[in-house]
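Please look over the sequence and the structure, then read the points below.

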Amino acid sequence: MTKFESAVINTPDIAGGYKKGIQAFGANSSYVQVDDTRKLEGSVDIDKCTRDIYPDKARWDYALGYDEKAYFIEVHPASTSDVATMIAKAKWLKDWLKKKAKDLETLKANDNYYWVATGKIKILPKSRQYRMLMQNKILLRSKFILPLG
């Protein structure tokens, strides 16, 4: 059992949600690209697993285990009107990791959260909204590719 799988199983809120590879991403799997699949340790749909527990919260979508690290990925349309929602989701995730998913938090690859746009990115790099994302450590991508480059 990988560290990632163990961390998911040891987190009551998501214990039943572990999936092999990128299966937890379902229809959103096309937004994730992994160069070395042997380092892939699994995934979990945090949003789906916690929907009934935190129905009124802005929940983050996914965690992906790769090379003994966890990456947190949200697949969502990317326009300026979505920025506040994404910041709320990232704050929920940070709080949830600290209080409910300590094992998963210790595997965090870095301080960043990854927002993968479902369509065209409509947030300009020099905009106030983009700066807000940077301040909240949310990195906007058109695709999530590992290893990070």
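**The loop between strand 3 and strand 4**

Asp67 sits in the loop that links strand 3 (62-66) to strand 4. The model is a predicted one. Asp67 is not a glycine, yet its phi is positive, at about 55°. Its relative accessibility is 41%, so Asp67 counts as partly exposed, the class between 20% and 50%.

- Glu68 is also placed in the loop between strand 3 and strand 4.
- The phi of Glu68 is positive too, near 65°, and Glu68 is a residue other than glycine.
- Most residues other than glycine have a negative phi, and most peptide bonds are trans.
- With a relative accessible area of 43%, Glu68 is partly exposed.

**A cis peptide bond**

- The peptide bond that runs from Leu146 to Pro147 is cis, and its omega is near 0°.
- Pro147 belongs to the segment that follows strand 7 (144-146).

**Overall build of the chain**

- The protein chain contains five helices and seven strands.
- Read from the N terminus, the order of these elements is α-β-β-α-β-β-α-α-β-α-β-β.
- A compact globule of 149 residues would have a radius of gyration near 15 Å, and the 14 Å of the protein chain agrees with this.
- Along the principal axes, the C-alpha atoms of the protein chain fill a box of roughly 45 × 35 × 25 Å.
- Take the contacts in the protein chain between residues at least 6 apart in sequence: 69% of them join residues at least 24 apart.

**Burial, surface and charge**

- Of the 149 residues in the protein chain, 47% are buried.
- The protein chain has an accessible surface of about 7,900 Å², and carbon and sulfur atoms account for 49% of this surface.
- There are 26 positive and 18 negative side chains in the protein chain.
- The centres of these two sets of charges lie 6 Å apart.

**Helix 3**

- Helix 3 covers residues 83-100, which is 18 residues.
- At 1.5 Å a residue, helix 3 should span 26 Å, and the distance of 25 Å between its end C-alpha atoms agrees.
- Which residues of helix 3 are buried? They are Val83, Met86, Ile87, Lys89, Ala90, Trp92, Leu93, Trp96 and Leu97.

- Ser79 is found in the loop between strand 4 and helix 3.
- Is Ser79 buried or exposed? Its relative accessible area is 18%, under the 20% limit, so Ser79 is buried.
- Apart from neighbours within four places in sequence, Ser79 is in contact with Trp115, Lys122 and Ile123.
- Lys20 lies in another part of the chain, in the loop between helix 1 (3-9) and strand 1 (32-34).
- The relative accessibility of Lys20 is 59%, which is over 50%, so Lys20 counts as exposed.
- Lys20 and Gly42 are 22 residues apart along the chain, while their C-alpha atoms are separated by 4.4 Å.
- When residues up to four places away in sequence are not counted, Lys20 touches Gly42 and Ser43.

Note on methods. Residues numbered from 1 in each chain as written. Predicted model: local features only at pLDDT ≥ 70, side-chain atom pairs only at ≥ 80, totals over all residues. Heavy atoms only, no water. Helix = DSSP H or I, 4+ residues; strand = E, 2+ residues; numbered from the N terminus. Rg over C-alpha atoms; globule rule 2.2 N^0.38 Å. Buried < 20%, exposed > 50% of the residue type's maximum accessible area, 1.4 Å probe, protein only. Contact = heavy atoms within 4.5 Å. Areas by Shrake-Rupley, 256 points an atom, 1.4 Å probe, with all protein chains shown as cover. Lys, Arg positive; Asp, Glu negative; His and termini not counted. Charge placed at Lys NZ, Arg CZ, Asp CG, Glu CD. Expected span 1.5 Å × (residues − 1).
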